[in-house]
Amino acid sequence: MRRLVNQQPGRAGALLLSALPFILIVAAYLYYSNARLAENPGDKLLPAPATIAAAIHRFAFEEDERSGEYLLWNDTRASMERLLTALALSALIGLGLGVAIGVLPYVRVTLAPFVAAVSLIPPLAVLPILFIAVGLGELAKITLIIIGVAPVIARDLALRAAELPAEQIIKAQTLGASTWQLVLRVVLPQMWPRLVDALRLTLGSAWLFLIAAEAIASTEGLGYRIFLVRRYLAMDVILPYVAWITLLAFAMDGALKLLRAKAFAWAKAGTQS
Amino acid sequence: MTQVTVKRLWKEFGDQVVLENVNLHIEDHEFVTIVGASGCGKTTFLRMLLGVEAPSRGEFLIDGQALRCEPGPDRGIVFQRYSLFPHLTVFENLLLGPELRGSPLLGRLFGARRRRAMDRADQLLDAVGLQGAADKYPQQLSGGMQQRLSIAQSVICEPKILLLDEPFGALDPGITADMHTLIIKLWNMNKMTIFMVTHDLQESFALGTRLLVFDKVRVDPQAPDAFGATITFNIPLKGRRSGGR
């Protein structure tokens, strides 16, 4: 018998094993849903698959009676607009700050402690301030995500930039690089894949801040919808919405991973000599 | 013509004296090899020449001008490792120097100027035997190929002085011989002055036209840091110079 650390599942086995937890949780849901509905057909806590399917159809493929909109797509568009805008701005701010802090000693001394302090403020604690200062509109929600995400990206990239071997930085200078050229040709290109990594890692918290902001003050959006229908115990809507949000997050993560592999072939992990 | 003069040079880190009273004059197109026990300040000497370390007292003069304490294009460097740019292919690594010097704003060349730089890069790639690896990334190369690229990368900028910090220390002995032939070839092609730190005595004799030995003249066993090293031997060697003096 080989040691456990040396035992590898085969290809089919691996696929089956990774599907197993999902299958188990669906099976458990179906079992308990069935049991509860048998006891009380009006139970709303664990709706039957048919009820969920009907809810999905209602939200995704039928116009809403009041607004005439397809609610799921409308909510998705609103949420994604906020999320993508905020992530793009966070990436820009984080990259700029991070590289400046990592490369320029004067900026590091001036800004590194400040950015570290800001990154430790719980963003949700600032949300009331944002609502008071900039109102309940889109700006408050986007700013909340940026406050939560940008400092983290900035600190990560500052570390990564400072980690570049001193030999590289010196060599570039002996090849005639000015500070600007050093950033443009040596530091920035090596930061792109790091930025993608940082975005992937902060994606989870970005979604958290988005849902929180939408739950508190919004008139559309995925977070707004699930908190709205919560009042009617509409689990048949909440469950597919949560699954949809998860799927979106998963797809974004996968897209970033693919981008990193395709666009930065040189940066394959572990091949650095 | 490049002359390097060192006058009454001291280097101290706090209480620790690393180098004391170093005096030196090097004529143009010398191949200077530097040996000494570890911790005797030979790398510190090279780093001061490179401009990343400032002398505590005394001065470095290149052609009578005081050395700016910052790395610059007049002095190339090849480290033992890590001096290649992992995000650029071999060819792009080689092209980087000309691109940086030819385009202050973008750091990239276009059109006819780019083609000229590419021709030059092609020549050097041939000279160091990397023509087959032009499109690879540095991390896909062997250690010897990486060092050849790093040397070519410096040489393409035609520095007055080339500094080598144990460039072949991490290579297999078999490859080192090829590297010696290569560096002598490039040294004769470009008429530059080379300073090479090495821990291999044989190498220092085989390559150099001048051998410097760094050692401590005085040692106080109670305070090992009280006295620094200096150049104890400055030996002219025949060298494999073609033409010249």
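Q: What makes up the confidence summary of chain A, and how is pLDDT to be read?
A: This is a predicted model, in which local features need pLDDT of at least 70, side-chain atom pairs count only at pLDDT 80 or more, and totals for chains, interfaces and linings use all residues. Chain A averages a pLDDT of 92, and 98% of the residues score at least 70, where pLDDT is the predictor's confidence in each residue, from 0 to 100. Residues are numbered from 1 along each chain as its sequence is written, while chains are lettered from A and ligands numbered from 1 in the order in which they are written.

Q: Where in chain A does pLDDT stay under 50?
A: That holds over residues 269-273 of chain A, for which the model has five contacts beyond four places in sequence; two residues are in contact if their C-beta atoms, placed from the backbone, lie within 7 Å.

Q: What makes up the contact between chain A and chain B?
A: Chain B brings 26 residues and chain A brings 21 residues. On the side of chain B that touches chain A, the elements giving two or more residues are β6 (75-78), α2 (90-102) and α4 (143-155) of chain B, and α2(B) has the largest share, four residues. Helices (H or I, at least four residues) and strands (E, at least two) are DSSP runs, numbered from the N terminus.

Q: Why is helix α1 of chain B called mostly covered?
A: A residue is buried if 20 or more other C-beta atoms lie within 10 Å of its own, exposed if 12 or fewer, and partly exposed in between, with C-beta atoms placed from the backbone. Eight of the nine residues of α1(B), residues 42-50, are buried, so the helix is described as mostly covered. Among the buried residues are B:Lys42, B:Phe45, B:Arg47 and B:Leu50, and the helix is followed by B:Gly51, whose phi is positive, near 100°.

Q: How do you know that strands β1 and β4 of chain B pair?
A: Two strands pair if DSSP finds at least two bridges between them. Strand β1 (residues 4-13) and strand β4 (residues 57-62) of chain B have five bridges in the antiparallel sense, and therefore count as paired; B:Thr5 stands opposite B:Leu61 in β4(B).

Q: What joins β4(B) and β5(B) in a hairpin?
A: β4(B) and strand β5 (residues 65-66) of chain B pair in the antiparallel sense over two bridges, with B:Ile62 opposite B:Gln65 in β5(B). Two residues lie between the strands of the hairpin, and B:Asp63 in the turn has a positive phi of about 50°.
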